[in-house]
Amino acid sequence: MKAASPLAMRLLLVTGKGGVGKTTVSAALALAAAKRGKRVLLVEIGPREHFSRIFGAQPAGHNEVPVDENIWAINLHPYRALEEYLETQLPSRRLVRLISHNPLFKQLVEVAPGFRDLITLGKVWHLESQREAGSNRPKYDLIIVDAPATGQGLGFLQTPGAFVKAIRFGPPRTHSQWVRDLIEDPARTRLILVTLPEELPVNEAAEMAKAADEKLKVPFELVIVNGVAPRLFDSSDAAAIEKLEADPEALDRLSQTLGEGLDAAALIRIGKDAIARQALNVHHIRRLRARVRKRTIQLPFVYQTDLSIEDLRGLGEIIIDESNTP
Ligand SMILES: Nc1ncnc2c1ncn2[C@@H]1O[C@H](COP(=O)(O)OP(=O)(O)OP(=O)(O)O)[C@@H](O)[C@H]1O
Ligand SMILES: [Mg+2]
């Protein structure tokens with residue numbers, strides 16, 4: 001499969017282990033696409049809503065709300081998605097309410113995770129198929145799904161195929177097939193795996209990539225290594241730091257120059273920590289590259305307590321620049 005720019009797609013499924021930066025990468029990609037005139041929908045699934053907060057907008061809930069120029073967000077609720085689906089299938093709203101308010105039915109939705117996933121992806125399919133009134137232009141040019149953390153992540157994407165296999169005929173089979181065809185379509189969809197340059201996240205990303213290649217038919221060609229320590233010092237700086245550390249007189253002079261509150265030993269420690277962290281990151285990125293034969297894009301660790309929209313814009317541009325590099 002030829003590597004394509006993520007922005008040439010209709011649907012990006014951003015996944016990875018918990019806390020690695022899936023939401024950050026999704027928002028960064030949305031900003032990069034919006035800047036190029038695309039209308040983007042950010043989709044999240046789960047009790048806690050992030051996108052509206054990141055963009056300082058009103059909470060979205062199960063309705064699309066504008067959060068920035070050319071960017072909308074929605075927080076999918078499987079139960080609401082199911083009600084909407086039933087409304088398209090059943091002749092009366094009363095009947096829908098009768099079914100959907102039935103406690104047994106509610107229980108079925110809760111205990112059948114595959115079913116919930118299918119309904120949620122079905123809603124994504126529906127959003128992708130929406131067109132502007134009176135035209136063939138898609139309502140959203142690009143839909144970015146901040147998918148659940150790995151583990152659940154894979155099962156989530158296997159569901160439509162599993163339903164197609166399990167159901168022999170009827171509308172549910174046809175609808176599962178539509179969803180499956182969308183998420184497996186190399187012209188429209190890409191899976192993007194996010195990880196960190198650390199021991200466990202790299203191991204998990206490698207396992208996830210293997211599972212995605214072996215078990216999923218979702219097109220997948222990009223791994224984003226997030227939070228990479230920037231290269232602050234080169235090898236000659238490292239040598240200079242070592243030399244300084246071994247020279248007590250020079251250390252003294254430096255401490256005096258620095259004045260109160262900062263001593264040379266502390267400064268050396270900070271420098272050495274930064275060098276060690278960067279070296280460790282390089283080591284884990286090498287391990288990842290050896291195990292996962294995909295394009296990898298590195299995003300720097302940003303030294304901020306809360307990433308600003310400008311920071312996210314910067315990260316988005318790195319992803320796009322790198323993916324356009326042959
Ligand atoms: N490159 C970066 N530099 C600095 N901080 C970052 C970077 N990427 C993400 N963060 C911060 O790390 C935290 C986790 O990131 P994020 O919420 O994007 O991860 P996630 O994979 O979506 O987590 P979860 O699995 O909980 O949904 C956030 O506070 C985010 O601002
Ligand atoms: Mg998240």
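Q: Which strands does helix H1 lie across, and at what angle does H1 run to E5?

A: Axes are lines fitted to C-alpha atoms, for helices over the stretch in contact, and angles run from 0 to 180 degrees between N-to-C directions. Two residues are in contact if their C-beta atoms, placed from the backbone, lie within 7 Å. In this structure, H1 lies across E1, E2, E3, E4, E5, E6 and E7, and its direction makes about 170° with E5. H13 packs on the sheet as well, touching E7 and E8, at about 155° to the direction of E8.

Q: Before we go on, what kind of model is this?

A: This is a predicted model, in which local features need pLDDT of at least 70 and side-chain atom pairs count only at pLDDT 80 or more, while totals for chains, interfaces and linings use all residues. Residues are numbered from 1 along each chain as its sequence is written, and chains are lettered from A and ligands numbered from 1 in the order in which they are written.

Q: In what order do the strands of the sheet come?

A: The general idea is that strands of a sheet pair through backbone hydrogen bonds, either parallel or antiparallel. Two strands count as paired if DSSP finds at least two bridges between them. Here you have an open sheet of 8 strands with mixed pairing, in the order E3-E4-E2-E5-E1-E6-E7-E8. E3 and E8 (295-300) are the edge strands, each pairing on one side only. From one strand to the next, the twist averages 25°.

Q: Which strands does E1 pair with?

A: E1 pairs with E5 (residues 142-146) in the parallel sense over 4 bridges, and with E6 (residues 189-195), also parallel, over 6 bridges. Leu-12 is a handy landmark: it stands opposite Ile-144 in E5 and opposite Arg-190 in E6.

Q: How many residues of E1 are buried?

A: Counting neighbours settles that: a residue is buried if 20 or more other C-beta atoms lie within 10 Å of its own, exposed if 12 or fewer, and partly exposed in between, with C-beta atoms placed from the backbone. In E1 (residues 11-16), 6 of the 6 residues are buried. Both faces are covered, with Leu-11, Leu-13 and Thr-15 on one side and Leu-12, Val-14 and Gly-16 on the other.

Q: What about E4: is it enclosed or open?

A: E4 (residues 71-76) is largely enclosed by the rest of the structure, because 6 of its 6 residues are buried. Ile-71, Ala-73 and Asn-75 point one way, and Trp-72, Ile-74 and Leu-76 point the other way. E2 (residues 40-45) pairs with E4 in the parallel sense over 6 bridges; Leu-42 has Ala-73 as its bridge partner, and Glu-44 stands opposite Asn-75. E3 (residues 65-68) runs antiparallel to E4, joined by 3 bridges, with Asp-68 opposite Ile-71. E3 and E4 form a hairpin with 2 residues between them, and Asn-70 in the turn has a positive phi of about 70°.

Q: At what angle do H1 and H13 pack?

A: Two packed helices are described by the angle between their axes and the distance between the axes. H1 and H13 (residues 309-324) pack at about 75°, with axes 7 Å apart. That makes H1 roughly perpendicular to H13 (65 to 115 degrees; under 35 is roughly parallel, over 145 roughly antiparallel, and the rest oblique). The contact has 9 nonpolar, 2 polar and 2 charged residues, where Ala, Val, Leu, Ile, Met, Phe, Trp, Tyr, Cys and Pro count as nonpolar, Asp, Glu, Lys and Arg as charged, and the others, Gly among them, as polar. Among the residues that meet are Ala-28 and Leu-31 in H1 and Leu-312 and Ile-319 in H13.

Q: And at what angle do H9 and H12 cross?

A: H9 (residues 199-215) and H12 (residues 264-291) cross at roughly 10°, their axes coming within 10 Å. They are therefore roughly parallel to each other. Glu-199, Val-202, Ala-205 and Ala-206 in H9 meet His-284, Arg-287, Leu-288 and Arg-291 in H12.

Q: Last one: which residues come nearest to ligand 1?

A: A residue is near a molecule if its C-beta atom, placed from the backbone, lies within 6 Å of it. Of the 15 residues around ligand 1, Gly-18, Lys-22, Thr-23, Thr-24 and Val-302 come nearest. H1 (22-35) and E7 (220-228) are the elements that give two or more residues to the shell, and H1 has the largest share, 3 residues. By class, the shell divides into 6 nonpolar, 8 polar and 1 charged.
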